[in-house]
Amino acid sequence: MKRRLMLACLPLLIGATPDPVFVVRGDGVVPVRLGGAQGKLLLSPWAPAAPTLNPGFRERSGLHAGLFGFSVKVGPVKVRGDTSVARLDFEGLSYRRRVVWFERDYAQGADAAIGPGGIPARIVRFDLRPARGGERVTTLPLVQQAFRPSYARVMLGKRPLILLFDPQHPRSLATAGAGAALAEFLGGTLQGAPIPAHVAFGINRPARVLRFARPLVFGGIQLDEVLVRISDNGSVAGIQDADADPEEVVVSAKREGERRDVVIIGRDVLDRCAAITFDKPAKQIRLACV
């Protein structure tokens, strides 16, 4: 069955009251025209507000980089990026926006990706599956910034934690700093050998399972364990290790600048959710989950 995106936020008739809700269904992949190129656009809860193009799509669109480039880091890997301004046309929308691209592919299964912060609608709802009945709505505070993904900022005691939501991540994944904060707040141990976990841009980083002594609960969301990146964005040296080698030496470096302890909530949690709603005027993220 063809998966479709329904747009209800444009007034189709003069004098009609527009519905402020933009609804994303299915896999969120829709046709898009950018410049002179046709492609596929992924609308994703965790994508940046700035439309992010794969390099091949940027080449087909004929965009040229501006004066100033930038880079992001995924673990030790630095990924260089550039920006330009382009017009996007998809699902009845047509608007100009600053777009970004990198030297590596960002979008999986599409040519570009955009998050709810970049969609010009007051409310963006991702319908993940049909409602089964009994869903409980959890409301979290929405934080939006110009280029970054939309996220929820919650507190573990006095320590802030950033929650991102991505149905394409099969398992929830935390930075090392977030894992240390969760272990301190909830108790828990690292278990098993390191495994590769995809972060972004096709880059995998080593991660281990952190099993909590008490579950992480935000309203209807419950998380009993999470994969933790063991060598990036903080240190896991303070977490109890159920499989520790007494000869192992853990070396950790001091972090500079702003601490961003991040957990990407993946399908292991979101499979229990019917919808994620980003309500910009209310500054809320609402999850309907069983």
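**Exercise 1. Which residues line the second largest cavity, and how do they divide by class?**

Solution. Start with the term. On a 1 Å grid over the protein atoms alone, a cavity is a set of points where a 1.4 Å probe fits but cannot get out; lining residues have an atom within 4 Å of a point. The lining consists of Leu-163, Leu-216, Phe-218, Ile-221, Leu-223 and Ile-265.

Next, the classes. Ala, Val, Leu, Ile, Met, Phe, Trp, Tyr, Cys and Pro count as nonpolar; Asp, Glu, Lys and Arg count as charged; the others, Gly among them, are polar. This lining has six nonpolar, no polar and no charged residues.

Then the strands (DSSP runs of E, at least two residues, numbered from the N terminus). Strand 16 (203–218) and strand 17 (221–229) each supply at least two residues of this lining.

Last, the volume, which is the space filled by probe spheres set on the points, with grid points joined across faces, edges and corners. The second largest cavity holds about 30 Å³.

The model is predicted: local features need pLDDT of at least 70, side-chain atom pairs count only at pLDDT 80 or more, and totals for chains, interfaces and linings use all residues. Residues are numbered from 1 along each chain as its sequence is written, and side-chain values use heavy atoms, with hydrogens and water left out.

**Exercise 2. Describe the largest cavity by volume, lining and class.**

Solution. The structure holds two cavities of 30 Å³ or more. The largest has a volume of about 90 Å³. Its lining counts 14 residues; Trp-46, Tyr-106, Ala-107, Gln-108 and Gln-168 lie nearest the centre. Strand 15 (residues 188–200) gives the most to this lining, with three residues. By class, the lining has nine nonpolar, four polar and one charged residues.

**Exercise 3. Why is helix 2 described as largely enclosed?**

Solution. A helix is a DSSP run of H or I, at least four residues. Nine of the 11 residues of helix 2 (residues 176–186) are buried, so the rest of the structure largely encloses this helix. Among the buried ones are Ala-176, Gly-179, Leu-182 and Leu-186. Gly-187 follows helix 2, with a positive phi near 75 degrees.

**Exercise 4. Where does pLDDT stay under 50?**

Solution. pLDDT is the predictor's confidence in each residue, from 0 to 100. The protein averages 86, and 84% of the residues score at least 70. Over residues 1–18 the pLDDT stays under 50. For this stretch the model has 30 contacts (heavy atoms within 4.5 Å) beyond four places in sequence. Residues 243–257 also have a pLDDT below 50, with nine contacts beyond near neighbours in sequence.

Note on methods: 1 Å grid on protein atoms, 1.4 Å probe; cavity = no way out; pocket = protein on both sides within 12 Å on 5 of 7 lines; lining within 4 Å. Buried < 20%, exposed > 50% of the residue type's maximum accessible area, 1.4 Å probe, protein only.
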